[in-house]
2 protein chains.
Amino acid sequence: MTVPKFVAIKQHIINQIESGQWPENARVPSENLLAEQFSVSRMTARRALQELTDENILFRTKGSGTFVASFKSQSSLLEIKNIADEISARGHRYSARQVTLQAQDLPKALLPLFGMNVGTQIFYSEIIHLENDQPIQLEQRYINASLVPDYLQQNFSQITPHEYLSNVAPLTEATHEIEAVIASTQINQLLAISSQQPCLQVKRRTWSSQGVVSFAILTSPGDKYRLGGHLTF
Amino acid sequence: MTVPKFVAIKQHIINQIESGQWPENARVPSENLLAEQFSVSRMTARRALQELTDENILFRTKGSGTFVASFKSQSSLLEIKNIADEISARGHRYSARQVTLQAQDLPKALLPLFGMNVGTQIFYSEIIHLENDQPIQLEQRYINASLVPDYLQQNFSQITPHEYLSNVAPLTEATHEIEAVIASTQINQLLAISSQQPCLQVKRRTWSSQGVVSFAILTSPGDKYRLGGHLTF
DNA sequence: ATAATTAACTTGTATATACAAGCGGTGGCT
DNA sequence: AGCCACCGCTTGTATATACAAGTTAATTAT
């Protein structure tokens, strides 16, 4: 056997999608149907579907079926995941500690990022994300108050800022800057790490259809944060 | 059953690793041993090991065993994958078309990126990466000639610039800027896409211990490039 | 007509089994 | 000592089966 059977089935499915035969959200043959068509057991057909699902090419709903994932959610920009979901998926306990939540003036240094005038109302939040009570990420976020007026009323121990913003102002675009840095003393204390510990720092600007929604600086200790294959914000 | 058995096994393994019991490259119990310890079938134990391998927490060698993956390869910055490997892994055919390969002056606009003086010798390469003969990414790269003097002599249909640079000047750091753009007419022609097609553009600067090695602009059509969960450069 | 029940189909978890294929050491032969 | 065959252990692929649990649509009862 040159290629394993489950690989052949995967390639067949990918071909159907790439040739346009199976458009977005189209239903993919069920495990049993594929098993019959390819004369394999259900578990082998299942493996093909499962791996393609892991690769975000398909999505599955229990009891309902398997479907072609929408292309948009995969490419274009980056899949922006919710850190709380990610931690839960690891079987760990997520919690958050709110450090700051206030209205303030937009720092001059950030003016060009927002493309707004001096004096524009801005909200600022500072939250520490914890995994099993260990600080894993510091989130510093500047929010365009005119687009998200109710931001200060939220309880960010129940919902992450990213999740909240995604609901009230669906993002249409985002830019990222990613680098490794030695963080400031303040940040080191907040994250409970030593002064020489390198951190992964992601700066993200998000837009909705109305304009720049927020600018976030996400700082994670390099030794505690498994970045693996993807970015988790 | 509150959590599935394979999840419980995964958590147990993660705990051992995070508590330091199982250091990097330590051998993980075999499928049969885990099956016995947890009173499950080998296939269930296998699933736990396999999923952790997919998450880059373990690695497996046929005939040899399962081991704890080294932490470094996962965190720190970003896993920078080789686009050629990635395309091969999809079962597709990788090829490259070299557009330009020359010595030239460093464009003034890029001077601050390299932190070098005017007149420094620079190499420039422009390569199109193809998947099944379809253009999938344009790579424009400026190379610090003093650190990589033999760059122009390479044959980039056999080895990607990233692969070559990784060999001769192992990178210690990298920064990324990621955004969605409408590319120039020239780039659209090279990638054989329409003028309104949005592209994913990644700008990457890499450092070795000697200093800035190269600056690359990687442009990929948003509809042809599955970014999925990770960045592939 | 509407609501509740049921039946058929789907994915998810789990087991037991079989054979293939690669690695490593042990032991015997030259 | 060096070479080679072998054996045990490992991971990889594949099958057949069972039951759980969620969705959907048809059927039935109200």
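Which residue of strand 3 of chain A is the bridge partner of Val28(A)? The partner is Thr66(A). The report below sets this pair in its context.

## Basis of the model

This is a predicted model, in which local features need pLDDT of at least 70 and side-chain atom pairs count only at pLDDT 80 or more, while totals for chains, interfaces and linings use all residues. Residues are numbered from 1 along each chain as its sequence is written, and chains are lettered from A and ligands numbered from 1 in the order in which they are written.

## Chain A overall

Chain A contains 7 helices and 9 strands; helices (H or I, at least four residues) and strands (E, at least two) are DSSP runs, numbered from the N terminus. Of the 233 residues in chain A, 30% are buried. A residue counts as buried if 20 or more other C-beta atoms lie within 10 Å of its own, as exposed if 12 or fewer do, and as partly exposed in between, with C-beta atoms placed from the backbone.

Among the contacts in chain A with a separation of 6 or more, 63% are between residues 24 or more positions apart. A contact requires the C-beta atoms of two residues, placed from the backbone, to lie within 7 Å.

Helix 1 of chain A spans residues 5-18, and its 14 residues reach 20 Å from the first C-alpha to the last, close to the 20 Å expected at 1.5 Å a residue. The expected span is 1.5 Å times one less than the number of residues. Ile9(A), Lys10(A), Ile13(A) and Ile17(A) are the buried residues of this helix. They lie on the same side of helix 1 of chain A, because they cover an arc of only 100° around the axis; the arc is that of the directions from the helix axis to the C-beta atoms. An α-helix has 3.6 residues a turn, so residues three or four places apart point the same way. The cover over the buried residues of helix 1 of chain A includes strand 1 (27-28), helix 2 (31-37), helix 3 (42-54) and strand 3 (65-68) of chain A. Just after the helix, Gly20(A) adopts a positive phi of about 90°.

In helix 6 of chain A (residues 161-168), Pro161(A), His162(A) and Leu165(A) are buried. Their directions fall within an arc of 95° when seen down the axis of helix 6 of chain A, so they line one face of the helix. Strand 5 (121-131), strand 6 (134-144) and strand 9 (211-221) of chain A are included in what covers them.

## Sheets and strand pairing

In chain A, an open sheet of 3 strands has the order 1-3-2 with antiparallel pairing. Strand 1 and strand 2 (58-61) of chain A are at the edges with a single partner strand each, so one side of each has no neighbour in the sheet. Strand 1 and strand 3 of chain A pair in the antiparallel sense over 2 bridges; pairing requires that DSSP find at least two bridges between the strands.

Chain B also has an open sheet of 3 strands in the order 1-3-2, with antiparallel pairing. Its strand 1 and strand 3 are joined by 2 bridges, and Arg27(B) has Phe67(B) in strand 3 of chain B as its bridge partner. Elsewhere in chain B, strand 4 (residues 94-105) and strand 5 (residues 121-131) run antiparallel and are joined by 11 bridges, with Tyr94(B) opposite Glu131(B). Strand 4 of chain B lies largely in the open, because the number buried among its 12 residues is 1.

A residue is near a strand if its C-beta atom, placed from the backbone, lies within 6 Å of it. Helix 1 and helix 3 of chain A, together with helix 2 (31-37) and strand 3 (65-68) of chain B, each give two or more residues to this surface. The surface near DNA strand D has 7 nonpolar, 10 polar and 6 charged residues. Ala, Val, Leu, Ile, Met, Phe, Trp, Tyr, Cys and Pro count as nonpolar, Asp, Glu, Lys and Arg as charged, and the others, Gly among them, as polar.

DNA strand C is surrounded by 23 residues, and the closest are Lys5(B), Val40(B), Met43(B), Thr44(B) and Gly63(B). Two or more residues come from each of helix 2 and strand 3 of chain A and helix 1 (5-18) and helix 3 (42-54) of chain B.

## Positive phi in chain B

Asn25(B), in the loop between helix 1 and strand 1 of chain B, has a positive phi near 70° although the residue is other than glycine. Asn25(B) is exposed, with 10 other C-beta atoms within 10 Å. Ser39(B), in the loop between helix 2 and helix 3 of chain B, has a positive phi of about 55°. Ser39(B) counts as exposed, with 8 C-beta neighbours inside 10 Å.
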